[in-house]
Amino acid sequence: MKIATFNINGVKARIGALTDWLDAAQPDVAVLQEIKSVDENFPRDMFEDKGYNVATHGQKGFNGVAILSKFPLEDITRGLPGDDTDEQARWIEATVVGQKAVRICGLYLPNGNPAPGPKFDYKLAWMDRLHTRAQDLLAQEEPALMAGDYNVIPLAEDAARPDAWRKDALFMPESRAAFRRIVNLGFTEAFRARTAGPGHYSFWDYQAGSWDKNDGIRIDHFLLNPQCADLLNDCWIEKQVRAGEKPSDHVPVWVDLAA
DNA sequence: ATGACAATCAGAGATTGA
């Protein structure tokens with residue numbers, strides 16, 4: 001089972017790029033972030049025509065997550081538990097059954113800038129709730145993964161110019177510690193389970209020629225619980241997508257599971 | 001130190017992103 005995560009930066013603006021990518025790459029499952037669309041306006045027909053089942057959790061203007069799957073989507077839930085007053089659409093879950101059942105969680109973690117400030121507080125509070133949900137996924141002892149745009153640069157080697165990010169919410173010590181605290185519960189960060197060393201990025205800013213200079217950061221991640229990590233065949237970043245027509249500022253990241 | 005770039009909503013320019 002091949003699963004991709006992709007922050008598309010607006011489904012309406014990305015219809016062409018997204019269609020081309022799906023046709024070429026053929027993921028079994030794709031978790032999407034920043035659909036920037038309400039559910040009613042999500043072009044689900046376009047994906048259903050390609051054989052995907054579609055689950056969305058959108059809001060007006062910003063944020064929004066979705067799951068596309070060639071397998072049926074079961075037990076779909078929307079919203080990260082732990083705060084009934086949180087109206088931002090950043091979390092969706094569904095179970096996908098291939099050779100094995102896998103619980104798929106798609107997430108768009110808050111950016112958190114400027115830090116410090118209320119947006120940074122919201123980011124850290126959201127990560128506390130993510131920690132709680134992650135504990136639950138461990139307790140289930142069934143294959144589960146959390147994939148998406150974490151808006152966290154885990155280590156200096158995950159940025160071309162780490163010093164430029166020292167005061168940014170994506171690289172602040174508090175953000176990185178909260179990320180580690182989740183990983184250290186017993187999750188496997190899939191990319192780092194397969195590939196060591198610097199120079200691997202999933203985001204390049206539209207500004208200042210970041211792509212041309214390869215001035216990127218790695219912020220799109222897969223965290224696998226132990227039962228899911230047992231199934232990991234491979235994980236890679238589809239870097240060349242960034243060079244396409246009207247690209248997102250993120251590129252897809254993949255896992256191949258024996259599931 | 002700032003802005004550069006892009007998308008959305010709205011129908012200009014502010015807001016958000018990273």
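## A first look at chain A

Buried residues account for 43% of the 259 residues in chain A. Here, a residue is called buried if 20 or more other C-beta atoms lie within 10 Å of its own, exposed if 12 or fewer do, and partly exposed in between, with C-beta atoms placed from the backbone. Bear in mind that this is a predicted model, where local features need pLDDT of at least 70, side-chain atom pairs count only at pLDDT 80 or more, and totals for chains, interfaces and linings use all residues. Residues are numbered from 1 along each chain as its sequence is written, while chains are lettered from A and ligands numbered from 1 in the order in which they are written.

## Overall build

What would you expect for the radius of gyration of chain A? A compact globule of 259 residues would come out near 18 Å, and chain A has 17 Å, so the two agree. (That radius is taken over C-alpha atoms, and the globule rule is 2.2 Å times the number of residues to the power 0.38.) The C-alpha trace spans about 45 × 45 × 40 Å along its principal axes.

Now for contacts, meaning pairs of residues whose C-beta atoms, placed from the backbone, lie within 7 Å. Among those in chain A between residues at least 6 apart in sequence, 70% join residues at least 24 apart.

Strands of a sheet pair through backbone hydrogen bonds, either parallel or antiparallel. Two strands count as paired if DSSP finds at least two bridges between them.

One open sheet has six strands in the order β3-β4-β2-β1-β14-β13, with mixed pairing. Its edge strands, β3 (53-57) and β13 (232-237), each pair on one side only. Inside it, β1 (residues 2-7) and β2 (residues 29-33) run parallel, joined by five bridges, and Phe6 stands opposite Leu32 in β2.

Strands β6 (residues 91-97) and β7 (residues 101-108) are antiparallel over seven bridges, and Glu93 has Cys105 in β7 as its bridge partner.

## Around the DNA

Which residues come nearest to DNA strand B? They are Gly10, Lys12, Gly61, Asn111 and Gln207, out of 24 residues around it. "Near" means a C-beta atom, placed from the backbone, within 6 Å of the strand.

Terms used: Contact = placed C-beta atoms within 7 Å. Helix = DSSP H or I, 4+ residues; strand = E, 2+ residues; numbered from the N terminus.
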